[in-house]
Amino acid sequence: MNGPESAKLYRWDEIPRERLNPKLERKIVSGERVMLTRIYLAKGCVVPLHQHENEQLTYVVEGALEFRLGAEDGPTVTVRSGEVLHLPSNLPHMAVALEDTLDIDVFSPPRQDWLDKTDDYLREE
């Protein structure tokens with residue numbers, strides 16, 4: 001059983017931004033079974049079509065993202081400030097920033113490819 005000494009406080013201001021490409025940056029906080037990320041997307045940023053076994057919640061704090069769900073010709077949903085999109089495990093999706101956007105993504109389990117920096121699909125311009 002974990003005691004109070006196993007708790008850890010994080011301050012977003014003390015976590016450096018990781019620049020993935022000219023239009024995409026992030027900050028990551030991860031535990032053993034859940035990951036919380038701040039994602040900074042410049043207007044026009046495209047997150048390419050991908051899928052992962054991790055369940056995902058995307059909360060748009062500022063701005064707007066248009067998600068395409070399923071295949072490249074699948075339905076779209078626009079997520080605006082104050083809204084949350086749930087993406088179940090293994091659902092193909094992509095996103096486009098309709099304006100400068102800050103979102104909070106939660107993943108369970110944590111995205112190992114993000115932690116070990118093997119997420120090349122995000123690092124392309």
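How many aromatic pairs does the count come to in this structure? The model I am presenting today is a predicted one, and in it the count comes to 1 aromatic pair. The two partners are F107 and W114, whose ring centres lie 5.0 Å apart with their planes at 70°, so the pair is edge-to-face. The cut-off for that label is a plane angle over 60 degrees.

The charged end of R111 sits over the ring of F107, 5.3 Å from its centre, while R26 lies over the face of W114, 4.5 Å from the ring centre.

Rolling a probe the size of a water molecule over the atoms shows where empty space is left. Searching the whole structure for cavities of 30 Å³ or more gives 1. The largest cavity holds about 190 Å³ of space. Its lining comprises 20 residues, and those nearest the centre are I39, V47, Q56, D105 and W114.

Which element gives the most to the lining of the largest cavity? That element is β10, with 3 residues. Other elements that each supply at least two residues include β2 (24-30), β3 (35-41), β5 (55-62) and α2 (120-123).

Strand β10 covers residues 101-108, and T101 lies in it. Is T101 buried or exposed? At 5% relative accessibility, T101 counts as buried, because the limit for that class is under 20%. A polar atom of the T101 side chain lies 2.7 Å from the backbone oxygen of E99. Leaving aside residues up to four places away in sequence, T101 touches I39, Y40, L41, V60, E62, G63, A64 and L65.

With residues up to four places away in sequence set aside, G70 touches L49, L91, P92 and H93. The C-alpha atoms of G70 and K23 are separated by 24 Å, the two residues being 47 apart along the chain.

I close with the backbone. Most residues other than glycine have a negative phi, and most peptide bonds are trans. The peptide bond from S108 to P109 is cis, with omega near -10°, and P109 is found in the loop between β10 and α1 (112-115).

The other two places concern phi. N90, although not a glycine, has a positive phi of about 70°. N90 is found in the loop between β8 (84-87) and β9 and is partly exposed, with a relative accessible area of 42%. K117 is likewise not a glycine and has a positive phi of about 65°. K117 lies in the loop between α1 and α2, and at 43% relative accessibility K117 counts as partly exposed.

Key: Residues numbered from 1 in each chain as written. Predicted model: local features only at pLDDT ≥ 70, side-chain atom pairs only at ≥ 80, totals over all residues. Heavy atoms only, no water. Helix = DSSP H or I, 4+ residues; strand = E, 2+ residues; numbered from the N terminus. Buried < 20%, exposed > 50% of the residue type's maximum accessible area, 1.4 Å probe, protein only. Polar contact = N/O pair within 3.5 Å; in protein donor to acceptor, adjacent residues only side chain to side chain. Contact = heavy atoms within 4.5 Å. Phe/Tyr/Trp six-rings, centres within 6.5 Å; stacked < 30°, edge-to-face > 60°. Lys NZ or Arg CZ within 6 Å of the ring centre and 35° of its normal. 1 Å grid on protein atoms, 1.4 Å probe; cavity = no way out; pocket = protein on both sides within 12 Å on 5 of 7 lines; lining within 4 Å. Points joined across faces, edges and corners; volume = space filled by probe spheres on them.
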